[in-house]
Amino acid sequence: MHLLWQAVVRFFCFVSSFQTWPISCAILVASEDAPESPLLTEVEYICRWLVVSTGENAECVTPDIEELSRVWWRCHARMEVSLDLSNHDASPSMVVRSSVHVLPREILGKSTFELAVLMMKWLPLWLVDKLLLIMAWLVLGSIEKYGLKRPSVGPMQLKNTKGKTPVLDIGALEKIKSGGITVVPAIKRFLRGQVELENGEKLDIDSVVLATGYRSNVPSWLQEGEFFSKNGFPRASFPDGWKGNSGLYAVGFARRGLSGASSDATRIAQDIGQVWKEETKQKKRTTACHRRCISQF
């Protein structure tokens, strides 16, 4: 295996006449005269197979907010950031742009996810979600009145279908209830030292943390529209979203973490191995066996 470091893929496109995938890359190459100042060199490779493994979180999501170009600090975080700020005597305001499932970190002294996985072995998914939401309500109470809306789909079903993991509360909800963390509407635009919210309210701010997450960037460099959809994910859902046409494969887009990526990688390795054996006719050959007969008289 040859690893290519410090390379940026410009684009891929399948050439049907040659049944190959030409790859245009930009690579940093250090010269002998100035090794500390590498040069950007354009290189093209030709591949028989293409395995897309850039994953679900290749680039950050930038919300559509006026004057966002003034903000340079981006961070992927959740309620934990607001909790840390509140614990260090700051006054954080948290924008919740969409519905979210908030579950206690532990239920009856056992990890919530561990308990969910255990129940999923014996119960249907809809019943597991129902039980989780009941236990969450008993432990955390109602969260809607604090500006946190729950999705209509259950937490485990949402994780399996959309890849959205529920938030495990480690103390942030208590801070929200006590006023240590303020939940506010979405931001409309940035002003000098302020933000204007969609309800017209203006808040004085010192810093902004964009915890809007990441997404797939496949459409930006892969010239293909049959296997991958516009959102950068395979059109077919798990477990059928690992193989496309013309030697195109995908790893890590199943929204099932490492187990989904492992399943994809195993199937792809087996499939490419089978194709390679068929194309090169690497079959077990039988050699003629000559026996020598000795006759005695």
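This is a predicted model: local features need pLDDT of at least 70, side-chain atom pairs count only at pLDDT 80 or more; totals for chains, interfaces and linings use all residues.

Student: How many helices and strands are in the chain?

Tutor: The chain holds 6 helices and 17 strands. Of its 297 residues, 31% count as buried.

Student: And what about the accessible surface of the chain?

Tutor: It comes to about 20,200 Å², and carbon and sulfur atoms account for 53% of that.

Student: Which residues have the most contacts inside the largest nonpolar core?

Tutor: They are Val52, Leu222, Phe228 and Leu248, in a core of 16 residues. Strand 2 (21-29), strand 4 (50-52) and strand 17 (248-250) each supply at least two residues of this core. Strand 2 gives the most, with 4 residues.

Student: What does Phe228 touch?

Tutor: Leaving aside residues up to four places away in sequence, its contacts include Val52, Leu222, Phe233, Leu248 and Phe253. There is also a second, separate core of 13 residues, with Leu83, Val100, Val102 and Leu148 among them.

Student: Changing topic: which residues make the nonpolar surface patch?

Tutor: Ile134, Trp137, Leu138 and Val139 make a patch of about 450 Å². Leu138 belongs to helix 3 (residues 125-140).

Student: Why does Leu138 count as exposed?

Tutor: Leu138 counts as exposed because its relative accessibility is 62%, and the cut-off for exposed is over 50%.

Student: Now the charges. How many salt bridges are there?

Tutor: The count comes to 3 salt bridges. One of them joins Glu196 and Arg189, with the closest N and O atoms 2.6 Å apart. Glu196 is buried, at 10% relative accessible area, while Arg189 is partly exposed, at 30%.

Student: Where does Arg189 stand?

Tutor: Arg189 stands opposite Glu196, which is in strand 13. Strand 12 (residues 187-191) and strand 13 (residues 194-197) pair in the antiparallel sense over 4 bridges. Their hairpin has 2 residues between the strands, and Gly193 takes a positive phi near 75° there.

Student: Which parts does the salt bridge of Asp271 and Lys243 tie together?

Tutor: The two side chains meet at 3.1 Å, N to O. Asp271 lies in helix 6 (residues 257-280) and Lys243 in the loop between strand 16 (222-223) and strand 17, so the pair ties together parts that are 28 residues apart in sequence. Asp271 counts as buried, at 16% relative accessibility, and Lys243 as partly exposed, at 38%.

Methods. Residues are numbered from 1 along each chain as its sequence is written. Side-chain values use heavy atoms; hydrogens and water are left out. Two strands pair if DSSP finds at least two bridges between them. A nonpolar core is a set of buried Ala, Val, Leu, Ile, Met, Phe, Trp, Tyr and Cys residues joined through side-chain atoms within 4.5 Å. Buried means under 20% relative accessible area, exposed over 50%, partly exposed in between (1.4 Å probe, protein chains only). Contact means heavy atoms within 4.5 Å. Patches are made of residues with over 30% relative accessible area and no salt bridge: like charges are joined within 9 Å, nonpolar side chains (Val, Leu, Ile, Met, Phe, Trp, Tyr) within 5 Å. Accessible areas come from the Shrake-Rupley method with a 1.4 Å probe; for residues, only the protein chains shown count as cover. A salt bridge is a side-chain nitrogen of Lys or Arg within 4 Å of a carboxyl oxygen of Asp or Glu.
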